[in-house]
Amino acid sequence: MTGDSPQPSVEARAISKAFGGVAALDAVDFEVRWSEVHALVGENGAGKTTLCNILAGIYRADAGQVIVDGVERDFRAPAHAIDAGIGMVHQHFRLVEPMTVAENIHLGWPETPGVVSQRTLIDRTERFMSEMGMHVDPTAKIWQLSVGEQQRVEILRVLARGARVLILDEPTAVLTAKEAEELFAVVRELAASGLSVIFITHKLREVLAVSDRLTVLRQGIREITRPTEGATAGEIARLMTGEERLLSVEHRVVTGESTLELRGVSALNDRGITALHNVDLTVRAGEILGIAGVSGNGQTELAEVICSLRDLQSGSIAVDGADVASMSVRAVTDLGVGHIPEDRIGMGMVLSAPLKNNAVLHNYWTEAFSQGLTLDRQEVIDFAKRLVEAARVQTRSVFATAGQLSGGNQQRLVARREALAADRLLVAAHPTRGLDVNAAQEVRATVLDKRDGGCAVLLISDDLDEVLLMSDRIAVMYEGRIMGVFDAADADREYLGLLMGGHTPAEASR
Ligand SMILES: Nc1ncnc2c1ncn2[C@@H]1O[C@H](COP(=O)(O)OP(=O)(O)OP(=O)(O)O)[C@@H](O)[C@H]1O
Ligand SMILES: [Mg+2]
């Protein structure tokens with residue numbers, strides 16, 4: 001039933017769910033209508049993902065009912081929810097990287113013919129994409145796609161299985177501003193065609209831009225459901241967080257020795273295309289150099305070459321005078337380099353492993369934790385406990401797996417661990433992505449502490465406000481090139497924006 005029907009598409013009634021005795025959801029009511037985009041907001045750990053996992057058949061509620069299109073349901077597996085028309089795109093993608101787009105869309109789809117040629121898969125995929133008005137090269141392998149394209153494949157995968165209620169868990173956390181705009185258009189289009197979309201986000205601007213109604217969760221309790229029209233960002237923020245902690249940052253002009261030096265650095269991306277062109281950069285001890293730019297302009301590759309995770313085509317990179325390009329990742333870590341990676345889940349953690357192991361992921365081999373070949377267990381546990389406490393990770397114990405943490409809590413753990421590891425240099429890629437307002441301020445405060453302690457910080461962020469807030473100097477990156485470097489005092493928002501959009505300094509100053 002779609003269109004003008006006043007009937008809700010999905011309803012959660014008095015849903016409760018606890019993990020190990022801790023309530024993640026406490027008698028939550030939630031109702032979504034056909035043809036609406038419903039924003040679901042709340043701080044890290046508020047219960048957003050848990051609620052949607054229950055609607056999508058991944059978890060079972062301890063109490064309460066799930067009603068789909070007027071019929072009470074008891075999902076015992078995601079397949080049951082999909083049969084009832086509910087599909088979810090997760091915070092972290094679940095595509096099979098070495099396979100093509102067409103293969104991923106057809107994988108495990110009951111309608112996929114048993115024996116099928118690549119040609120047929122590709123034709124079917126192309127037909128479905130044009131029906132949906134969303135396009136990605138069906139022959140491309142997943143690992144070759146941008147994150148935005150991967151997300152489109154995830155959405156297509158779910159829609160191909162007949163989802164009428166689409167749940168998107170923080171879909172824009174990984175997207176560039178342009179990709180996010182494209183996603184909003186897709187989401188509005190799907191709602192206009194009668195579907196329901198549940199849209200989880202921390203970004204209040206997005207709530208206001210894309211949703212018809214919104215629900216705020218706070219510590220497992222529903223605060224409010226209301227029409228978006230007439231709501232203000234300030235009001236939603238207050239409902240989510242109580243008070244916002246403010247951060248004031250004093251910018252510095254630092255002279256003296258450089259900790260990190262890049263000279264004429266060029267490197268390729270995963271697709272073999274030049275992603276860094278002749279990059280020169282210097283970061284001094286005790287300063288934050290912010291890299292401003294739209295994601296996908298070489299920032300990922302920049303962080304990777306510095307941490308020795310990617311080969312150079314030419315040029316040199318030195319940390320405290322030591323040539324890191326020829327070193328192993330471990331040797332670079334031993335120099336005192338910390339890296340908060342963009343892809344925290346793929347690169348920063350082992351989800352199936354307990355927090356205590358994740359806490360020492362990069363330094364378990366050091367003397368502090370191992371004697372000979374054995375890992376000193378008590379030391380590791382104590383260290384992990386201190387880390388969890390310092391990072392304010394919400395968890396029952398350090399024996400819980402990283403996969404059991406909420407997305408934001410996973411991130412806090414990685415950010416704090418890497419900040420601790422960074423004695424000389426911290427490379428922080430989008431350190432506050434996916435964090436709620438207060439958690440983001442905590443991570444920023446951690447980064448500022450490192451700077452004040454004399455560490456050099458390279459901050460990569462596609463949030464220009466964050467770059468302007470945090471950086472002592474700012475470099476703009478566009479298509480793998482440094483377009484200019486500015487002292488914080490001279491940085492002009494509009495001018496930086498023009499450079500980020502590909503204007504040359506000459507064009508931008510006109
Ligand atoms: N599988 C699990 N095992 C144990 N605890 C869990 C599990 N999943 C979630 N939790 C806990 O339930 C609470 C709610 O988590 P949830 O993932 O729903 O939060 P969220 O609102 O999606 O947060 P974020 O914005 O950080 O993604 C958290 O305290 C989290 O640690
Ligand atoms: Mg979540």
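Predicted model: local features only at pLDDT ≥ 70, side-chain atom pairs only at ≥ 80, totals over all residues.
1. Residues are numbered from 1 along each chain as its sequence is written, chains are lettered from A and ligands numbered from 1 in the order in which they are written, and side-chain values use heavy atoms, with hydrogens and water left out.

2. The protein divides into domain 1 (8-240) and domain 2 (258-509), with bounds that come from an automatic or database domain assignment. The centres of the two domains, taken over C-alpha atoms, are 29 Å apart.

3. Contact, meaning heavy atoms within 4.5 Å, links 19 residues of domain 1 with 19 residues of domain 2. The two domains bury about 1,400 Å² between them, 50% of it on carbon and sulfur atoms; buried area is the accessible area (1.4 Å probe) that two parts lose on being put together, summed over both. Asn-44, His-92 and Thr-176 supply 34% of the area that domain 1 buries against domain 2, more than any other three residues.

4. Across this interface the rule finds zero salt bridges, a salt bridge being a side-chain nitrogen of Lys or Arg within 4 Å of a carboxyl oxygen of Asp or Glu.

5. Of the 19 residues around ligand 1, Gly-45, Lys-48, Thr-49, Thr-50 and Gly-408 come nearest, where a residue is near if one of its heavy atoms lies within 4 Å. An oxygen atom of ligand 1 is 2.8 Å from a side-chain N or O atom of Lys-48, and an oxygen atom of the ligand is 2.7 Å from a side-chain N or O atom of Thr-49.

Definitions and conventions
Polar contact = N/O pair within 3.5 Å; in protein donor to acceptor, adjacent residues only side chain to side chain.
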